[in-house]
Amino acid sequence: MTMTKQILEALLFAADQPVTLAQLAQLSPEPVEKAAVRATLEDLAADYEGRGVQLKEVAGGWQFLTRPEHGEWVRRLIQDESRAKLSRAALETLAIIVYRQPVTKMEIEGLRGVDSSGVLKTLLERRLVKILGRKRVIGRPILYGSSREFLQYFGLGNLTDLPRPEDIRPPLEGLPEEMQGEEFAALEELVEAQAVGDGGVGHEEGEPPAA
Amino acid sequence: MPYQVKLPVFDGPLDLLLHLIRVQEIDIYDIPIAQVTAQYLAYLELMQTLNLDVAGEWLVMAATLTYIKSRMLLPRSPEDEEIEDEEDPRRELLEKLLEYQRVKAMAEDLRERELEHREVYCRPPLDAPEDDEDIMLNVTLFDLLEAFTALVERLPEAEAQELVIEEMSVTEMIHTVVERLEGEGPIAFEALFEGATHRAEIVVTFLAILEMIRLKMILAQQRQPFGPIRVSLTVEEKQPA
């Protein structure tokens, strides 16, 4: 009995979290190649193109998920209000950890230029970050890395789904849009007022998007 | 001039500097240090006026900026002119800013993914039969030591032969244990020592386990006193509901 597309569909439908290729292959009474399972899964995922549900590789496993464009509707159904966004500080710290792991707190702080103990603690508590061990230097600082929950939280199959550092917007092409948020408008005005006195360097950004 | 300000929150000195550079469309590779320093200090003053907690790093940056400014003001001696690539005093700061800008871009990329994935839902768990795991006891150090002693005693008498022992550090062992636990899920304490042939390897594994418990990376639990000990990753323990 081979693991048909239908069987895999049933398994993944019944599962409540990502199931890995290894786990799926193990369920088969006769030996199956993981590559064969993957191929069938990809075939199945293709069947779900254009449907309200997608089959996606998340955190090293496969999982049925609703599509992001229907989030609003699903939220109404399950009345989920609890999803708090991560702070900018937390995202920056995570970015450093993900791209530089294994990394120490000192290295993180060197890059961010600010104390990061609190943020790190929060990330550890939310399990987005894990301790990988200790660095073999004086003081044996703890090394941090990203966890499986990190992949799950951001809907990533694995770390290679992230853009490579060199593909991330080159430094000069503008800053994250988030900095154009409402909270920055006031300082922009303040600085602009000073700048105008200096010879009229204005800023061209449009109105900040409504919060 | 009375000025109503809703103070923006910057994550730190680098964040503020990048902001000043961006809104004024300054060339980051040629920062007018006097102008930026003045604006930076003005902001600091604002923070202090508002009784905001000005952490040390803000002051360090103020000192750095002032220092760079003073170095830029000093006339270069004729000898200096000859040395072509005399280092620009702004260089170190520039590198930090570029690096931080990159971090911000990465963070922004993560934010986009976060926002998208927040709109995605998976099925909640089925009503699976309750595992009676909540009555798991946390294992004490003595339980661990006892299990460890039992293991060492079971170690086969070493045959006399010359061996090249590949040494493994505790850190490396921690990685190994994490990998195994991630791959296989919770496993028996003894299983972690499978394949260990030397006393040294067993000791290193044990030290790794102790260290991991201390760092709260793993949990060691048993169902009843003196029962078999089961080791699981702390990360695995709580699945998002």
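Tutor: A salt bridge here is a side-chain nitrogen of Lys or Arg within 4 Å of a carboxyl oxygen of Asp or Glu. Keep in mind that this is a predicted model, where local features need pLDDT of at least 70 and side-chain atom pairs count only at pLDDT 80 or more, while totals for chains, interfaces and linings use all residues. Residues are numbered from 1 along each chain as its sequence is written, chains are lettered from A and ligands numbered from 1 in the order in which they are written, and side-chain values use heavy atoms, with hydrogens and water left out.

Phe142(B) sits in helix H6 (residues 141-154) of chain B; helices (H or I, at least four residues) and strands (E, at least two) are DSSP runs numbered from the N terminus. Phe142(B) counts as exposed because its relative accessibility is 65%, given that buried means under 20%, exposed over 50% and partly exposed in between (1.4 Å probe, protein chains only).

Zooming out, chain B has nine helices and four strands, in the order α-α-α-α-α-β-α-α-β-α-β-β-α. Of its 241 residues, 41% are buried. Its accessible surface comes to about 14,700 Å², with 55% of that belonging to carbon and sulfur atoms. Of the contacts (heavy atoms within 4.5 Å) in chain B with a separation of 6 or more, 63% are between residues 24 or more positions apart.

Now the charged pairs. Staying in chain B, Arg113(B) bridges to Asp109(B), with the closest N and O atoms 3.1 Å apart. Both belong to helix H5 (residues 91-118) of chain B, four residues apart, or about one turn. Arg113(B) is partly exposed at 23%, whereas Asp109(B) is buried at 14%. Elsewhere, salt bridges with shared partners tie Arg88(A), Glu92(A), Arg112(A), Asp15(B) and Lys104(B) into one network.

Over in chain A, Arg75(A) pairs with Glu72(A) at 4.0 Å. Those two are in helix H4 (residues 71-78) of chain A, three residues apart; Arg75(A) is partly exposed at 21% and so is Glu72(A) at 45%. Lys5(A) and Asp47(A) come to 2.8 Å, a pair that links distant parts of the chain, helix H1 (residues 5-14) and helix H3 (residues 34-47) of chain A, 42 residues apart. In total, 21 salt bridges turn up over all chains.

Last stop, helix packing. In chain A, the axes of helix H5 (residues 88-100) and helix H7 (residues 117-125) come within 9 Å and cross at roughly 75°. That makes H5(A) roughly perpendicular to H7(A). The contact involves Ala89(A), Ala90(A), Thr93(A), Leu94(A) and Ile97(A) from H5(A), against Val119(A), Leu120(A) and Leu123(A) from H7(A). Axes are lines fitted to C-alpha atoms, for helices over the stretch in contact, with angles from 0 to 180 degrees between N-to-C directions; under 35 degrees counts as roughly parallel, over 145 as roughly antiparallel, 65 to 115 as roughly perpendicular and the rest as oblique.

Terms used:
Areas by Shrake-Rupley, 256 points an atom, 1.4 Å probe, with all protein chains shown as cover.
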